[in-house]
Amino acid sequence: MRHDTRLSRLLHVLLHMADSDHPMTSEHIARMLGSNPVVVRRIMAGLRERGYVSSEKGHGGGWRLATPLDHITVLDVYKSLGEPDLFAFGLSDPAPRCLVERTVNETVSGTIAMARQALLGRFAELKLSQIASELGDRARHAPHPYS
């Protein structure tokens, strides 16, 4: 099964952007992530639409944070990605005739809904500044923190 890594990758980029004094080009971000500049521009567009980043065109341009990290939550970043599926579970038949399958579907669906609510609640509490602070703590104790 293939994992959707966009959230963790975008958080990674935003923390690097917060640590940078100059704009980061799509090409630079793409090299950092082993991706393509077009893909970078596509995922950054959701953040720009919500006012979390801005982009400057031309020589010396690129992406930069437009909002402080303590005003951005993981939920904000997740929503900028279009709220992708959090879980890979699905129902084989959403409207089965079999009583057993209906019961299984309701149990699984209810459990997934509760887990989704809990996860999104935690995403809403977690500010990017908290992640940056944890990074700072780890960097002080690591011999080569950014390698």
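Trainee: In which helix is the place of Val40?

Mentor: This is a predicted model, where local features need pLDDT of at least 70, side-chain atom pairs count only at pLDDT 80 or more, and totals for chains, interfaces and linings use all residues. Residues are numbered from 1 along each chain as its sequence is written, and side-chain values use heavy atoms, with hydrogens and water left out. Helices (H or I, at least four residues) and strands (E, at least two) are DSSP runs, numbered from the N terminus. The place of Val40 is in helix H3.

Trainee: Is Val40 buried or exposed?

Mentor: Buried means under 20% relative accessible area, exposed means over 50%, and partly exposed lies in between (1.4 Å probe, protein chains only). Val40 has a relative accessible area of 1%, and therefore counts as buried.

Trainee: Which residues does Val40 touch, not counting those up to four places away in sequence?

Mentor: Contact means heavy atoms within 4.5 Å. With residues up to four places away in sequence left out, Val40 touches Ser26, Ile29 and Ala30.

Trainee: Which side chain is joined to that of Ser26 by a polar contact?

Mentor: Ser26 is found in helix H2 (residues 26-33), and at 6% relative accessibility it counts as buried. Beyond four places in sequence, Ser26 touches Pro37, Val40, Arg41 and Trp63. A polar contact is a pair of N or O atoms within 3.5 Å; within protein, one must be able to donate a hydrogen and the other to accept it, and residues adjacent in sequence count only if both atoms are side-chain atoms. At 2.9 Å, the side chain in polar contact with that of Ser26 belongs to Trp63.

Trainee: Are H1 and H3 roughly perpendicular or roughly parallel to each other?

Mentor: Axes are lines fitted to C-alpha atoms, for helices over the stretch in contact, and angles run from 0 to 180 degrees between N-to-C directions. Angles under 35 degrees count as roughly parallel, over 145 as roughly antiparallel, 65 to 115 as roughly perpendicular and the rest as oblique. Helix H1 (residues 6-18) and helix H3 (residues 37-49) pack at about 70°, their axes 11 Å apart. The two helices are therefore roughly perpendicular.

Trainee: How many residues in the contact of H1 with H3 are charged?

Mentor: H1 contributes Arg6, Leu10, Val13, Leu14 and Met17 to the contact, and H3 contributes Ile43, Met44 and Leu47. Ala, Val, Leu, Ile, Met, Phe, Trp, Tyr, Cys and Pro count as nonpolar, Asp, Glu, Lys and Arg as charged, and the others, Gly among them, as polar. In the contact of H1 with H3, 7 are nonpolar and none polar, and the number of charged residues is 1.

Trainee: Is the crossing of H1 and H2 left-handed or right-handed?

Mentor: The axes of H1 and H2 come within 11 Å and cross at roughly 125°, and the two helices are therefore oblique to each other. The contact is made by Arg9, His12, Val13 and His16 of H1 and Ile29, Met32 and Leu33 of H2. A crossing is left-handed if the near helix is turned anticlockwise from the far one by less than a right angle, and right-handed if clockwise. The crossing of H1 and H2 is right-handed.

Trainee: How many residues of the contact of H1 with H6 are nonpolar?

Mentor: The axes of H1 and helix H6 (residues 128-141) come within 11 Å and cross at roughly 75°, which makes the pair roughly perpendicular. H1 supplies Leu11, Leu14 and Leu15 to the contact, and H6 supplies Leu128, Ile131 and Ala132. No polar and no charged residue takes part, and the nonpolar ones number 6.

Trainee: What is the phi of Glu83?

Mentor: Glu83 is found in the loop between helix H4 (74-80) and helix H5 (99-125). Glu83 is partly exposed, with a relative accessible area of 38%. Although Glu83 is not a glycine, its phi is positive, at about 55°.

Trainee: What distance separates the C-alpha atoms of Arg2 and Ala88?

Mentor: Arg2 lies in the segment before H1 and is exposed, with a relative accessible area of 80%. Arg2 and Val40 are 38 residues apart along the chain, and their C-alpha atoms are separated by 19 Å. Arg2 and Ala88 are 86 residues apart along the chain, and the distance between their C-alpha atoms is 9.4 Å.
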